[in-house]
Amino acid sequence: MGALLLPAMLSFSPLKAATDDTAETPETYGITAETENHRFLYSYPKALAREPALSGYLSNKALGEAIIFSADSDRDHAEAVARMGNGYRLKPYDYQVLWTEEAETSTYISLSRSIYQYLGGAHGMSTTTSLLWDKNADGPVETMALFGAERFDQALQKAFCEQLNIQRAEKRGHPVDANSEDGFDACITPSEQTVILGSAKGARFDTVSINVAPYEAGPYVEGSYQVDLPVTRTIISAVKPEYRKHFAIR
């Protein structure tokens, strides 16, 4: 990675993370930077170095986002001082990205991307995106490109809504009223959320996960939701014909 040119405050290096004082997690690569204006952390598993084109893609994204975020943060803080005087400071901004490998098949690596941003205000915002890496083409693929969106929604909507409402009830302490006109009680469209492909057996995708960001299915305090559904014949029928060989019924 020596070819990457970084501003002085940034460093691209292996990162070590742990869930607590004793439990170790796999080493990750990433960019980390912390100044009086902001904190930036971008990481992905070291194991992805087995695919040089993929690790290079993620590293380049990290570098680009670090440069843009640092510049935007410094600009906002400088403008705040210019408006309010030297004694005034914005709270430091925060931007954290963690890539996770969800599954690998003979052709694809399925990844999820957890993002946390704080850009001022009462609280930060957490979101999740997904990506498929085509190992043969050495390039990224949008997960929903493997499906027809309309057929995808038809195949998943009923099971997705049922599981979403179970999770809502657990968080709220009461069932969702089927007759409610509250938008946070309504079902939402699966294809408009983040779709993540997984595999319990490894050979082919056999799980479809729908990740729902805060505010999409409930108020901010409820956080995000994730509904994991096993692949069925109905779901496979929503996959474009040329991609069906990559899926299996679970």
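Reader: Why is Tyr-215 called partly exposed?

Author: Its relative accessible area is 40%, and the term covers what lies between buried, under 20%, and exposed, over 50%, as found with a 1.4 Å probe and the protein chains only. The value of Tyr-215 falls between these limits, and therefore the residue is partly exposed. This is a predicted model, in which local features need a pLDDT of at least 70 and side-chain atom pairs count only at 80 or more, while totals for chains, interfaces and linings use all residues. Residues are numbered from 1 along each chain as its sequence is written, and side-chain values use heavy atoms, with hydrogens and water left out.

Reader: Where does Tyr-215 lie, and what is its phi?

Author: Tyr-215 is placed in the loop between β9 and β10, where helices (H or I, at least four residues) and strands (E, at least two) are DSSP runs numbered from the N terminus. Its phi is positive, about 80°, although Tyr-215 is not a glycine. Asp-138, in the loop between β6 (125–134) and β7 (139–141), also has a positive phi, near 50°, and is a residue other than glycine. With a relative accessible area of 44%, Asp-138 is partly exposed.

Reader: What makes β8, β9 and β10 a sheet, and how are they paired?

Author: Two strands pair if DSSP finds at least two bridges between them; five bridges join β8 to β9 (residues 207–212), and therefore these two meet the condition. Within this pair, Val-195 stands opposite Ile-210. The three strands form an open sheet in the order β8-β9-β10, with antiparallel pairing.

Reader: Why are β8 and β10 said to stand at the edges?

Author: β8 (194–198) and β10 (225–230) each have a single partner strand, so one side of each has no neighbour in the sheet. Neighbouring strands here are turned by 20° against each other on average, direction ignored. Helix α2 (residues 149–172) lies across β8, β9 and β10, and runs at about 135° to β10, an angle taken between N-to-C directions on a scale from 0 to 180 degrees, with axes fitted to C-alpha atoms and, for helices, over the stretch in contact.

Reader: What is Val-176 in contact with?

Author: Val-176, in the loop between α2 and β8, is in contact, that is, has heavy atoms within 4.5 Å, with Asn-165, Arg-168 and Asp-185, leaving aside its neighbours within four places in sequence.

Reader: What is the mean pLDDT of the chain, and where is the value below 50?

Author: The mean pLDDT, the predictor's confidence in each residue from 0 to 100, is 88, and 90% of residues reach 70 or more. Over residues 1–12 the pLDDT is below 50, although this stretch has 28 contacts in the model beyond near neighbours in sequence. Residues 16–24 are also below 50, with eight such contacts.
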